[in-house]
Amino acid sequence: MSSGTGKRIVVTGATGNVGTSVVRLLAEDPEVTSVLGLARRIPDWSPPKTDWAAVDLASEESDLVERFTGAAAVVHLAWAFQPTHDPAATWRTNVLGSMRVFEAVATAGVPALVHASSVGAYSPGPKDRTVDESWPTHGWPDAAYCREKAYLERALDTFERDHPEIRLVRMRPAFLFKWESASEQRRIFGGRFLPGPLARPEVLPFLPDIPGLRVQALHTDDAANAYRLAVRSDARGPFNLAAEATVDARLLGEMLGARPVRVPRGAARSAIAAAWGLHLLPASPHLFDAVLRLPLMDCARARTELGWRPEHTATEVLEEFLEGLQQGGGERTAPMRGRKVG
């Protein structure tokens with residue numbers, strides 16, 4: 001058996017979109033003895049074999065070494081998307097907090113670290129073919145999300161060099177969605193006052209078709225299964241995670257029964273920048289710039305080395321997510337609370 005089976009697993013960011021799915025799958029795994037979920041706020045929800053601890057990674061006083069001691073693996077998922085107008089705040093949580101996690105893993109002698117990187121860590125790449133895990137990970141520097149993910153890739157390069165005894169896995173998933181994540185993601189990217197029921201075909205007569213807007217998507221549960229497989233295996237290194245098919249205006253138009261209408265990049269960016277500048281839209285124009293430049297990923301390594309296969313197509317993922325938007329989908333955790341608006 002690998003070092004991750006029959007043991008205690010610690011999950012940071014355990015109450016978010018990915019964390020709730022990872023905790024649930026690990027709790028259901030008969031070869032995992034127990035799960036410790038770390039989050040800023042302890043939820044009402046608790047699967048079998050799961051304990052919780054309140055930890056704020058942005059705080060220098062968080063006692064991570066004590067939490068990690070005796071764990072077979074740490075799955076590091078914690079991430080703050082907001083406030084987008086204060087990149088120093090997200091840097092404290094995402095970068096400095098992650099560095100504390102890495103240091104605590106080494107100090108506690110945890111044998112395996114599974115880190116949530118992202119397609120956002122990749123440097124600009126092609127939209128007409130896929131790239132494997134050797135594509136450069138320098139991100140898009142203007143976007144805080146990409147800048148922070150790329151910085152942590154460099155930090156992990158050093159960590160891997162200094163701690164070869166620790167098995168390090170870097171997951172680089174595409175955009176992750178599920179029914180339960182709909183309300184959280186609406187608040188993060190669209191704003192807390194954007195009504196979810198607007199995501200209906202009958203109120204979308206046309207769909208903006210922006211040049212370069214081709215991305216990949218994945219069901220959060222499928223990504224969580226890749227994390228579970230990584231915990232249980234002896235795998236090391238980076239893994240791309242995405243489902244077929246590529247998401248673009250044509251695919252979305254067919255799903256929603258809406259006619260794609262070509263909109264210039266500059267016009268779309270100007271509208272997003274104006275809304276963001278007025279604090280009407282949480283998603284920044286810099287993230288929009290990054291999305292237009294993200295490469296499409298080849299996921300053969302995950303299939304070959306982890307035995308991973310997504311159970312949902314990108315179309316099924318988006319259909320489920322849109323249903324969640326309309327119904328106020330959510331989960332019984334603070335980040336994932338479900339509401340149609342507000």
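A crossing of two helices is called left-handed if the near helix is turned anticlockwise from the far one by less than a right angle, and right-handed if clockwise. Keep that in mind as we walk through this predicted model, where local features need pLDDT of at least 70, side-chain atom pairs count only at pLDDT 80 or more, and totals for chains, interfaces and linings use all residues. Residues are numbered from 1 along each chain as its sequence is written, and side-chain values use heavy atoms, leaving out hydrogens and water.

Let's start with two helices. Helices (H or I, at least four residues) and strands (E, at least two) are DSSP runs, numbered from the N terminus. The axes of H3 (residues 87–108) and H4 (residues 144–162) come within 11 Å and cross at roughly 20°. That makes H3 roughly parallel to H4 (angles under 35 degrees). Axes here are lines fitted to C-alpha atoms, for helices over the stretch in contact, and angles run from 0 to 180 degrees between N-to-C directions. H3 passes H4 in a right-handed crossing.

Now look at the sheet. Seven strands form an open, parallel sheet in the order E3-E2-E1-E4-E5-E7-E11; two strands pair if DSSP finds at least two bridges between them. E3 (50–54) and E11 (237–241) stand at the edges with a single partner strand each, so one side of each has no neighbour in the sheet. Further in, four bridges join E1 (residues 7–12) to E4 (residues 73–76), and Val-11 has Val-75 of E4 as its bridge partner.

Note on methods
Angles under 35 degrees count as roughly parallel, over 145 as roughly antiparallel, 65 to 115 as roughly perpendicular and the rest as oblique.
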